[in-house]
Structure formats: structure tokens, C-alpha cells
Amino acid sequence: MSVRRIARARRSARVGLAAVAAGSLLVACSEVGGWGSGGGGETINVLMVGNPQMQDIAKLTEDSFTKDTGIKVNFTILPENELRDKVTQDIATQAGQYDVATIGAYEVPIWHKNSWLHELSSYAEGDSGFDENDLLEPMVQSLSGADGNLYALPFYGESSFLMYNREVMAEKGIDVPRRPTWHQVADIAAEVDGARPGMKGICLRGLPGWGELGAPLTTMVNTFGGTWFTKDWKAQVNSKEFREATSFYVDLVRKHGEVGAPQAGFTECLKAMSQGKVAMWYDATSAAGSLEDPKTSKVAGKVGYAHAPVEKTNSSGWLWAWAWAMPKTTKKADAASKFMLWASGKDYEKLVGEKLGWSRVPAGKRASTYAVFEYRKASAAFGDIALKSIKQAHPTSPGVQQRPTVGIQFVAVPEFQDLGTKVTEEISAAIAGRTSVDQALENGQKLAEEVARNYQ
Amino acid sequence: MSATMTRPRPLRRREPLVRNHSKTLVGLAAWTVGLFFFAPFAWMVLTSFHSETDAATNPPSIAAQLTLDGYREFFGASTGASPWPALINSATASVLSTLLVLALSIPAAYALSIRPVRKWSDVMFFFLSTKMLPVVAGLLPVYLAAQNLGMLDNIWLLVLLYTTMNLPIAVWMMRSFLAEIPVAILEAAAIDGAGLPTVFRRIIIPMAAPGIAATSLICFIFSWNEMLFAQVLTGVQASTGPVFLTSFVTSQGLFLAKVCAAAVAVSIPVLIAGFAAQDRLVQGLTMGAVK
């Protein structure tokens, strides 16, 4: 009996010890982790979105940057909205978890105003290899503060343009103008709608969100002569021009737009265009790389490109940049700046071209990129027009009237994120046929007036 | 008379027929409901073996060529980012919090069922009331407290939080399991001279083992799948599997196959735990709180 008890006690002890050992092992593993900050050199934490260009840099950093400088880089990838929340939270609470973060052209002026970002011009000027003068002027403008200094270094930039299926246009005998008007685009969309079974005329984003439907719609509003706010902060959402542009957009999508338009964002339109489900698509210039990739696109090599359609302005393409910013909370500014200068530099572009292919170069920020023979060859179909679109963009004056703040497809104030999303929810409902454009814009005007009151 | 004698026969014959029909109908309904719940998971598994282009096809193509590209991406083919640290963090937080929950909930359940403390029903209600506050309402205070204590991005914070989050439900479950144990057995053990530790070790825990298995599995699943706190309170070092999973979502480019592969891979530990505890789990779920 006592022997059995002893055996049981031993068994229980073994089970207990095993549980404790397993727990200790897990903790040990989690503390060592894969991120291990050991290794002797300095370690920086970089927070970024998971766009393909960012995935490339995550892959290339260790064998290049870390090898050369001894600085280890821990990448954390989050979706765009979660990243914004995370960086805002990190900076606002002074937690200082991240040394570098990718932020967009929308955040730079706002976060600079909040004194959240390190000034970067001094780092750029101090690095002779960086060549700040090579950066495209609209990029510099959109990433600079009121003091003229850079507060983020561009990683890649984009404008917007019209992409169309050349085969379909040829079958229909349509010659798409290099600089079309929106009315011409609507006429073409009507002609090519149904050109092939299940094919629609055009893909335009209908998914609510200031960065989704809000982006192409605002460029259309700009070129139709409208604006969200006048220079002295008077809301203009129910103005004649805003209404005209929105009605045009909604009518075009409802008549000739993609299937499931109220839920279609960039990704859905990319799918539709690359699968040959739509004949045209107006969206970011950065989409061209995916459309020209035969691995993911059935229309690779068959896509034509035209400037963003206009009405009352000479150009209407948007401007966006994903850029590296350094929160003021970082304690490793030197190491962080070294990484940022490397990631935004010419040598990194060359590295990507040589290691991963020239079509994957994070372009749209430097004039010199478009002079590289290999890149010109890889982007022959769209490179020139993408560069011109970026150069023509006017972040401070995108329409026919003066603006209260910087931004083409957005208004660079913190409230715009909420305002743009709410108004586009109303317009998306109009696309779905659940409300009228007039009603949507009347509701939008009230919201915009509330925002305007903060600045009057 | 003869009529009364002949009547029961057809009745006897029809009864099994009706029963068979109803059994078939119930079986069919059960299969339909089962397939309805299983279909999204099966679709996710199938999509995880498609290329991004095939995954993005509309209407979806079932017969598309299968590939392991999605799983290669999950293991860092594009980014070089290994999923193991995040999975190890998830396992750490889930296993340790579950062990802590059991260590605390079993004695608490004993004090609420077998030897009930005074006003035990009020105590039970108190435990339940802690689940009435929406989790998100506590997020900011928890974040600020963690920041002030220097516990942000620390796996022990998640262990602690998951323990406290799962404790009320575990106490409720364990209480109903322990309430099933006949008091006479415990009294007999006491008469034989068994002390409380012996009663726990040799009677309560073996008899409540199915319930403990069910409670453990539920706590493990809740901890493994928790995302809100993990996303907000962790950063670089203590990030968990569900947070890692979101890193495949991008606003530019296709990601459906990758995300499906990641979701399947992240679900595997829970599936293994579920299968391993299947027998006990069924026993546990039919004897206790959820019967």
C-alpha cells in the first residue's frame, strides 16, 4: 500500500515537474524568440505595412544593411489602419516601442504639427550618398513640414492614372486619348461594357473609406472644380461642383462599373482588371507592376496607360507616398536614420533590381530611377507616364481654387480620416442604390461643417 | 373482437417506419448543419492551397491547380519573417494562463459547490459580473497600467490577462462539474481518514477529469484566439499568432491565399488540442455546465 502511494506521489510529482518544465521552456523560447535582440550590435524596431515593397525590404535587410552596419532590424508588419492606430498610440503615450515607422503623405503634415516626428533633412544632408536633390519635388513637398524640412523619407511614391485593356479597345476600334476627359472615359466605358462575356466597362472604387473610394472620388471632385473646403474653411460638400462630380462618379459606376461595386476597393479592382473582368481601371500608378506580372495577371503585356482623366484642370492625378518616419520617442535615432537613408537611397533600388527584379524597385520618388536602363526596360509600358503623373501633381494646389491645407485626394487634418470615411459611406450607399447622391452630400455637408468649425 | 386484434399489427409496423423516417430526417438535418458549419473552414483550407491568382478568381475556381505557395509565404518566403516566435508566444500565453486558471478555479469551485461558502450564489454572480463589462472598455486602463509598470510588449502581461479573463468562466464550469460528484463519496473518504489534499488528488480531480479537460480546452482556445489585447499591448517581442496572421493583409496586391494558409496553420494547434481531448471533452460537455 505504501509502495503504491509512493509510486503515485512520484507520478504526480513527475506530471507537475513536466508541466513546470514545459511552461519554463515556452517562456524561455518566447523570451529568446526569433527576434532575439542579442548578437552584440544595435537593434532597431521598424513598424510597417505589408505592401509588396515592404516585404521585399524585410527580406533584403539582413544580408545587406545588417551585414554592412551591424545594426539588426526587427520588422513588425501590420495592416494599414492597425499600423496608424499603433503608431499614434505609441507616440501619444511616449511608449517608444518603435524607432522607425512607415507612414503616408496624409500623416506627415499632421504628425509634424503635433511634434511627433524627428526632423530628417539634417540626416539627409549629412549623407553624401543620399542625394536629396534627386528626390521628386512633389514628394519633397508632401513630406516636408512648414519649416521646409523633411519629416519623412520617401520609400516609394505613386500618382493615379487610367489603365485599359488594349486588346478590348483594339477589338472595338477605340483609341484611348493619352489625356482623356472624364466624359470621354464614360463614353468609352459605355462602348466596351459587355465587350466580352461578363466584362464591365470600368472599375472605380466603391468601398467606403477616405483612402478607398475617397481617393479617386476626390481627384474627380478636384478636376470638376469642387473641393471639400475653401481656403477659409467653408465646407463645400454640397456645392454644385462637388455634386456634379459625385453624381458623375456614381452614375458611371452604377451603369458601367464592376460587379459588387459598393464593396470594391483597390484589391478587388486589381483582381477584376487582372482577370479581364473590366476593360478600364482608374487607380494608383503602383498597380501597374502587379498588372504587368504574368504570374498574377491575365492581362500582362496587354494594358495601356493614360493620364488621370480631367475636366477643368490640366492634371488630376493624386499623390501618395509611403515614407519612413522616425518618432521622437526613439532612443536610437542614429541607427534608425542609417536604416532610413539606406532604404530610401539609390543603392537600395539597385539592390532590389539586381536581387529581385527591376519591376519590383520601389520607384516614384527619385528622378534617377527612371534613367536606369534596366528599370526603363522593365517599366516601358507605364514608367514614363507614372513619372509624369507624379511630377504634375500639385499637393498644395490640386484644384481650381486655393486650399486650406496640403493634400490632393485628402485634406491633411486629423478629422478628415473620420469625415472622409463617413461621407464615402454615404456615397457608397448611393452606389448601392440605398440613398441618393443629394441626400448623401447633404449629410456629408453637415459633417464637413462640424469639422470646419474647428478651424474657422 | 377480431377488429381489435388486427388493429395493433399495422400500428406496430408503422411505428418503426415513422421512427426510421424521423431518424433519417434528424440525421440529414444534422449533416446539413454540420456541413454548413464546416464549409467555410473547408473553403479556407482549399483556398490556402491555391495560388493568389486562382484564389482571387471570381467566381471561385474549385478545380484550380494546388500549390504550397501560401504556406511558403507563411513561413517567410517573401519577408524572411518566421512565424515561430509569434506561435511560441501564443503557446506560452495560452498554456500558462490555462494552467493558472485551473490552479485557481478548481479550489474556488470546491468552495462554491462541495463545501459552499456563505452567500456562494452572490459570489458566483460576482464572478459572472466581471464578464459583463465589454472587454474594450477596459483596454485603455489596462494599457496605461501596463505602460506605467513597464509591462508593454511582455508575454507575462498576456499570461496574467488571459488568466483573469478566463477565470470567471472556468469557475462557473468547474463548479457545475464538481457539483456532480456525489457528496457521499467524499464523506466516505473523510471517514477513511483522507485529508483535503488526498481527496483532491485521488477523488475530485480524477472524477472531474472530463470537466477539467473541457474547461482547459475552452480556456486554451479563448487565449489562443485572443487578438484585441495582443494587438494593442504587444509590439515586437511578445506578438502572438493572431497578430502575426494580420501581417499578410495588405492594401496593395493579392493576399487571400496567404491569409488562408496562415489561418489554417494558426488553427492547427487548437485542432490538435481538440482532437486530443475529444473523448474527455464530450464527456465533460455532457456532464457539466453546458449539458
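**Entry 1, the domains.** I kept in mind that this is a predicted model. I looked up how chain B is divided and got domain 1 at residues 2-74 and domain 2 at 84-287. Their C-alpha centres sit 32 Å apart. For the contact between them, I noted 14 residues from domain 1 of chain B and 10 residues from domain 2 of chain B.

Next I asked myself which helices of chain B each supply at least two residues of the side of domain 1 that touches domain 2. I found H2 (8-48), H3 (52-55) and H4 (69-74). H4(B) gives the largest share of that side, with five residues. Sorted by class, this side of domain 1 of chain B has six nonpolar, five polar and three charged residues.

I then picked out H11 of chain B, which covers residues 209-225 and has 17 residues. From first C-alpha to last it reaches 24 Å, close to the 24 Å expected at 1.5 Å a residue.

Last, I checked where the chains touch: 38 residues come from chain B and 38 residues from chain A. On the chain B side, H3 and H5 (84-113) are the elements that give two or more residues. By class, I wrote down 15 nonpolar, 20 polar and three charged residues for the side of chain B that touches chain A.

Conventions. Residues are numbered from 1 along each chain as its sequence is written. Chains are lettered from A and ligands numbered from 1 in the order in which they are written. This is a predicted model: local features need pLDDT of at least 70, side-chain atom pairs count only at pLDDT 80 or more; totals for chains, interfaces and linings use all residues. Domain bounds come from an automatic or database domain assignment. Two residues are in contact if their C-beta atoms, placed from the backbone, lie within 7 Å. Helices (H or I, at least four residues) and strands (E, at least two) are DSSP runs, numbered from the N terminus. Ala, Val, Leu, Ile, Met, Phe, Trp, Tyr, Cys and Pro count as nonpolar, Asp, Glu, Lys and Arg as charged, and the others, Gly among them, as polar. The expected span of a helix is 1.5 Å times one less than its number of residues.
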